[in-house]
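Visitor: I would like to walk through this structure with you. Could you guide me strand by strand?

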Amino acid sequence: MKLTRITEWIDEVLDVKTFSDVSNNGVQIARAGDDVKKVAFGVDASVAFIEAAAEAGAQLAVVHHGISWGGGIARIVDGVYNVVAAAVRRNVALYAVHLPLDANRAYGNNYELARYLGLKNLTPAFVYHGETIGCTGTLPNGKKVGICSGGAGEFATDAKNLGCDLYITGEASWGDVIAAENVGMQMICAGHYATETFGVKALAKAMKKALRVDTVFIPRPSEPTTQVKELS
């Protein structure tokens with residue numbers, strides 16, 4: 001499978017080109033050659049992940065958190081250098097996709113997490129950098145739940161204003177915790193990493209089915225046990 005064919009598929013499926021993002025979505029590190037036999041998926045572009053992807057036989061690594069944000073990379077030093085060096089040495093391309101993977105209704109972090117929890121009546125919610133990336137849904141008992149993965153504790157007040165009985169995110173600042181308490185919003189912080197494994201796993205499964213290319217999800221070496229449990 002050609003690398004360009006795979007990246008074009010991701011761009012199309014996640015509507016990447018329509019997003020105004022804090023991440024520079026797309027190919028962030030190229031590779032020598034355009035042939036890809038296996039694609040590795042993970043949450044973060046780290047040296048450990050790149051090495052694990054190469055050991056798994058992947059020529060392309062797809063992540064939620066890449067190495068190029070905002071204005072791009074000013075200098076290739078320190079940790080960024082180490083990731084780039086590992087990718088070049090191993091000849092592994094890196095593709096990053098941030099907000100499009102949070103927001104996507106078919107494979108995104110938030111909708112996948114909502115479905116995992118058994119929520120129904122899913123509705124887009126929570127605007128970040130001009131993009132609606134989260135969702136709300138209802139439990140069988142009728143209670144309303146707001147979901148926005150990663151570091152989205154700032155939306156607890158928004159969840160309260162939307163009539164949510166519970167708000168689930170990955171992590172929150174102390175100020176966000178106090179703000180949630182002040183409006184009476186029950187908030188669960190299930191882990192930044194844990195809540196953002198859902199999208200890359202779903203995308204890996206979809207890619208394997210659509211493109212018939214081998215895919216693998218690579219967890220962190222010490223992957224935290226997810227605190228997200230089924231709700232009733």
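Guide: Gladly! Two strands pair if DSSP finds at least two bridges between them. Please keep in mind that this is a predicted model.

Visitor: Which residue in S4 does valine 27 stand opposite?
Guide: Strand S1, residues 26–29, is joined to S4 by three bridges, and the two run antiparallel. Within S4, the residue opposite valine 27 is tyrosine 95.

Visitor: How many bridges join strand S3 to S4?
Guide: Strand S3 covers residues 60–65 and runs parallel to S4. Alanine 61 stands opposite leucine 94 in S4. The number of bridges joining S3 to S4 is four.

Visitor: Through which helix does the chain cross from S3 to S4?
Guide: This β-α-β crossover is right-handed. The helix on the way from S3 to S4 spans residues 78–90, and that is H3.

Visitor: Are the residues of strand S4 buried or exposed?
Guide: In a regular strand, side chains alternate between the two faces of the sheet. In S4, residues 93–96, Ala93 and Tyr95 point one way, while Leu94 and Ala96 point the other way. Buried means under 20% relative accessible area. On both sides of S4, these residues are all buried.

Visitor: Is aspartate 78 buried or exposed?
Guide: Aspartate 78 is found in helix H3, and its phi is near 50°, a positive value in a residue other than glycine. The cut-off for exposed is over 50% relative accessible area. Aspartate 78 has 61% relative accessibility, so it counts as exposed.

Visitor: Which strands stand at the edges of the five-stranded open sheet?
Guide: The order in this sheet is S5-S6-S7-S8-S9, with mixed pairing. The edge strands each have a single partner strand, so one side of each is left without a neighbour in the sheet. They are S5 (120–128) and S9 (187–189).

Visitor: What is the average twist from one strand to the next there?
Guide: The sheet in question is the open one of five strands. From one strand to the next, the twist averages 25°.

Visitor: What is the bridge partner of proline 124 in S6?
Guide: Six bridges join S5 to strand S6, residues 131–138, and these strands run antiparallel. In S6, the partner of proline 124 is cysteine 135.

Visitor: At about what angle to S6 does helix H5 run?
Guide: Helix H5, residues 109–116, lies across S5, S6, S7 (144–148) and S8 (166–169). Its angle to S6 is about 10°.

How values were computed:
Residues numbered from 1 in each chain as written. Predicted model: local features only at pLDDT ≥ 70, side-chain atom pairs only at ≥ 80, totals over all residues. Heavy atoms only, no water. Buried < 20%, exposed > 50% of the residue type's maximum accessible area, 1.4 Å probe, protein only. Right-handed = clockwise from strand over helix to strand, strands pointing away. Axes fitted to C-alpha atoms, helices over the stretch in contact; angles between N-to-C directions. Contact = heavy atoms within 4.5 Å.
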